[in-house]
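Please consult the sequence and the coordinates shown here alongside the text.

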Amino acid sequence: DSPTIKQINVTASDTVEDVTNKIEAVQQITAMNPAQMLQWVRRTKGKVDLVLAATHSHVQKVDRSELWAVMEQLRVENNNLKFVYWALHCKNIAQKICNVHNPNMLDVAGWSPDIKRILQAFAKDLF
């Protein structure tokens, strides 16, 4: 049972408004399963540097153990993929989605003008 993935192409020249419009244009949005999304990326895209899963606020629906197992499998396969779980409409993520023992995983809650710098620093292993 393969998930329906709706890929949104985002470029460095897109503004926040551009990205918002692209997201709002997607029909039939449902809560995502980050583990299934990572498995889809692995099957269809191969080795990538970073996957950013942006969601409204569906943090309580995430199967953390499944996500952690997929990230561990990627590590075993020598895939150094970084994963960001971004809950746009949350002030904080009470129960962390990402495994604190895996430096390739990051939780982000809410929106900040600093988000671009935070993501760049994470992608470049600066923290």
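## The strand β2

In strand β2, the residues K82, V84 and W86 point one way, while F83, Y85 and A87 point the other way, and all are buried. Buried here denotes under 20% relative accessible area, exposed over 50%, and partly exposed in between, with a 1.4 Å probe and protein chains only. In a regular strand, side chains alternate between the two faces of the sheet. The strand β2 is accordingly described as mostly covered, with 6 of its 6 residues buried.

The model is predicted: local features require pLDDT of at least 70, side-chain atom pairs count only at pLDDT 80 or more, and totals for chains, interfaces and linings use all residues. Residues are numbered from 1 along each chain as its sequence is written, and side-chain values use heavy atoms, with hydrogens and water left out.

## The sheet and its packing

An open sheet is formed by 3 strands in the order β1-β2-β3, with parallel pairing. Its edge strands, each pairing on one side only, are β1 (50–55) and β3 (105–109). Averaged over the sheet and ignoring direction, neighbouring strands are turned by 15° against each other. Helix α4 (residues 115–123) packs on the sheet and touches β1, β2 and β3; the direction of α4 makes about 155° with that of β2. Axes are lines fitted to C-alpha atoms, for helices over the stretch in contact, and angles run from 0 to 180 degrees between N-to-C directions.

Two strands are taken to pair if DSSP finds at least two bridges between them. Strand β2 (residues 82–87) pairs with β1 in the parallel sense over 6 bridges, and A54 stands opposite W86 of β2. On the other pairing, β2 and β3 are joined in the parallel sense over 5 bridges, with L106 in β3 as the bridge partner of V84.

## Two buried residues

K82 is located in strand β2. With 4% relative accessibility, K82 counts as buried. Its side chain makes a polar contact with the side chain of N104 at 3.2 Å. A polar contact is a pair of N or O atoms within 3.5 Å; within protein, one must be able to donate a hydrogen and the other to accept it, and residues adjacent in sequence count only if both atoms are side-chain atoms. Leaving aside residues up to four places away in sequence, K82 touches D49, L50, V51, P103, N104, F122, A123 and D125, where contact means heavy atoms within 4.5 Å.

M71 lies in helix α3 (residues 64–76) and is buried, at a relative accessible area of 3%. Not counting residues up to four places away in sequence, M71 touches L38, L81, F83, N102, N104 and M105. The C-alpha atoms of M71 and L50, which are 21 residues apart along the chain, are separated by 12 Å.

## The chain as a whole

The chain contains 4 helices and 3 strands, arranged from the N terminus as α-α-β-α-β-β-α. Helices (H or I, at least four residues) and strands (E, at least two) are DSSP runs, numbered from the N terminus. The radius of gyration is 14 Å, close to the 14 Å that the globule rule gives for 127 residues, so the chain is as compact as a globular protein of that length. This radius is taken over C-alpha atoms, and the rule is 2.2 Å times the number of residues to the power 0.38.

Of the 127 residues, 32% count as buried. Among contacts between residues at least 6 apart in sequence, 59% join residues at least 24 apart.
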